[in-house]
Amino acid sequence: MSNDREISLGVPGVRRRSRLAVAVLAVLALLGAACSDDDGATTTDGDSASTDGGGAGEEVLGEPAPASGEPVKVGFIHDGKSPVRDATVDRQVAEATSEYLNDYRSGLAGRPIELVECEALAEPSRAVDCANQMVQEEVAAVVIGAFSNLEAIFDPIHAAGIPMMVWAGVGQTVLADPDSTFVLTNSFFGLADLPISVAKDAGVDKVNVVVIDLPITTSFYKAAGKAYFGAEDIDMNLITIPPGTADMTPQMQAIAGDDALVHVIGNDAFCIAAFNGLKATGFDGPVSTVSQCMTDATREQTDPEVLDGMVQQAAAPLGEDDDPDIQLFNAVLDKYAPEDTDRTSAFGVGMFTTLTALVDATEGLSGEVTAATVLAAIKAMPEKDLPAGGGVKFQCNGKALAPLPLPAVCGSGGLRATLDAEGVPASYDLVTKVPDAAAG
């Protein structure tokens, strides 16, 4: 893996960013998870990278340290095969990871992890049923990867005092929970922190955000975008374009002459049209995007000159087979997962991250293992590396995005990938975000 460059996005003082709090919370209920397709259609994972498993042998797993004693029930809710997404890889990776943790990491607090699985099929009513099942089963914790109805399961699990660890999630209720919800990744990274970092790196002070015109994607920018970018001395210009627009040349022509970064957010068809519009206008400035833009279709239908050097949000350094965490991830799948498990999936590595992070966060726990003791251990954890996070740190003490009132968020930075002409990550960079309270 390339040497990480830490890009501080700290802002002097607290007041400018804290004034964003009301606006930020106002849009969280509408803001879509960074992993889901904007129009609800099934899409190929954006973080896909070619890999053959890395060639790392079983020795990467380390010395066996088997769990023993009474199993600990850990709830696992996912969408399964639904109209939103086929989440089969989530289940395959979760099951493989729990076996690895039981055999090599002594499970959870020394006891075997017993997954209590529930498939919600992207239906809110089924999601509520799953949440109630977790309460009835008296699980010690619930793990979630990318899930379509996170707020639907919140109330029953929260009322029971069960800690819920989430890979990627949004929603006012979820992110503002100071009690028992822990979101491992920064929900704003792909929307704002990524383009801010790329703009600063490119030496420009303006970002043209080209976004599919749906409330779930435009609400953040309309309510808080100007202030959020302005707090970093970056001018943000919003260009909303209706879904299904095949030719975006006119809209791209209007911004082609700007000395600015273009940040594109939408599904792959939308992004292809935007990228081709930039090509048609001769735009040769910096471009960034989010992971759901970059699919096989995008790579095939976008000019290599546009793809080359584009910067994309990344969930993990997939394809970097010399990265120790990616080697471990591949070795876990080699040993425990079915042969057809997609090891290039950002969703898959997200499940590995979430279950492993739960064990990492409770590493000091001993004695009785209950929802209450697991919750206390998570809140008391020191700062650690996010598993398969490419150097991103996490600490679930409610202060990761301070002073924003988002205590459920555990991670403040993010990972970005610079693409080659084929649209494949050529290198990864760690972007760190220094909370204002610490910076000021």
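The model is predicted, so local features need pLDDT of at least 70 and side-chain atom pairs count only at pLDDT 80 or more, while totals for chains, interfaces and linings use all residues. Residues are numbered from 1 along each chain as its sequence is written, and side-chain values use heavy atoms, with hydrogens and water left out.

Let's start in the interior. A nonpolar core is a set of buried Ala, Val, Leu, Ile, Met, Phe, Trp, Tyr and Cys residues joined through side-chain atoms within 4.5 Å. Buried means under 20% relative accessible area, exposed means over 50%, and partly exposed is in between, using a 1.4 Å probe and protein chains only. The largest nonpolar core here has 75 residues, and Ile77, Val142 and Met164 are among those with the most contacts inside it. Helix H7 (residues 189-202) gives this core its largest share, 7 residues. Helices (H or I, at least four residues) and strands (E, at least two) are DSSP runs, numbered from the N terminus. Apart from this core lies another, of 60 residues, including Met165 and Phe329.

Now look around Ile77. Contact means heavy atoms within 4.5 Å. Leaving aside neighbours within four places in sequence, the contacts of Ile77 include Cys118, Cys130, Val142 and Phe147.

Two of those names come back as a bonded pair. A disulfide is a covalent bond between the sulfur atoms of two cysteines; here, it is a pair of cysteine sulfur atoms within 2.5 Å. The whole structure has 3 disulfides. One joins Cys118 to Cys130, with an S to S distance of 2.0 Å. It links strand E2 (residues 113-119), where Cys118 lies, to helix H4 (residues 124-136), where Cys130 lies. The torsion about this S-S bond is about -75°, so the disulfide is left-handed.

Another disulfide joins Cys271 to Cys293 (S to S 1.7 Å). Cys271 lies in helix H10 (residues 268-281) and Cys293 in the loop between strand E9 (287-289) and helix H11 (296-301), so the pair ties together parts that are 22 residues apart in sequence. Cys396 and Cys410 also form a disulfide, their sulfur atoms 2.2 Å apart. The torsion about the bond of Cys396 and Cys410 is about 115°, so this disulfide is right-handed. Both Cys396 and Cys410 are buried.

Next come the charged side chains. A salt bridge is a side-chain nitrogen of Lys or Arg within 4 Å of a carboxyl oxygen of Asp or Glu, and the structure has 15 of them. Arg91 and Glu95 form one (4.0 Å, N to O), and both lie in helix H3, 4 residues apart, about one turn of the helix. Asp360 and Arg105 form another, at 2.7 Å, N to O. Asp360 lies in helix H14 (residues 346-361) and Arg105 in the loop between H3 and E2, so the pair ties together parts that are 255 residues apart in sequence. Asp360 is buried, with a relative accessible area of 13%, whereas Arg105 is partly exposed at 25%.

Finally, return to helix H3 (residues 88-104), the place of Thr97. Thr97 is buried, with a relative accessible area of 0%. Not counting residues up to four places away in sequence, Thr97 touches Val332, Phe352, Leu355 and Thr356.
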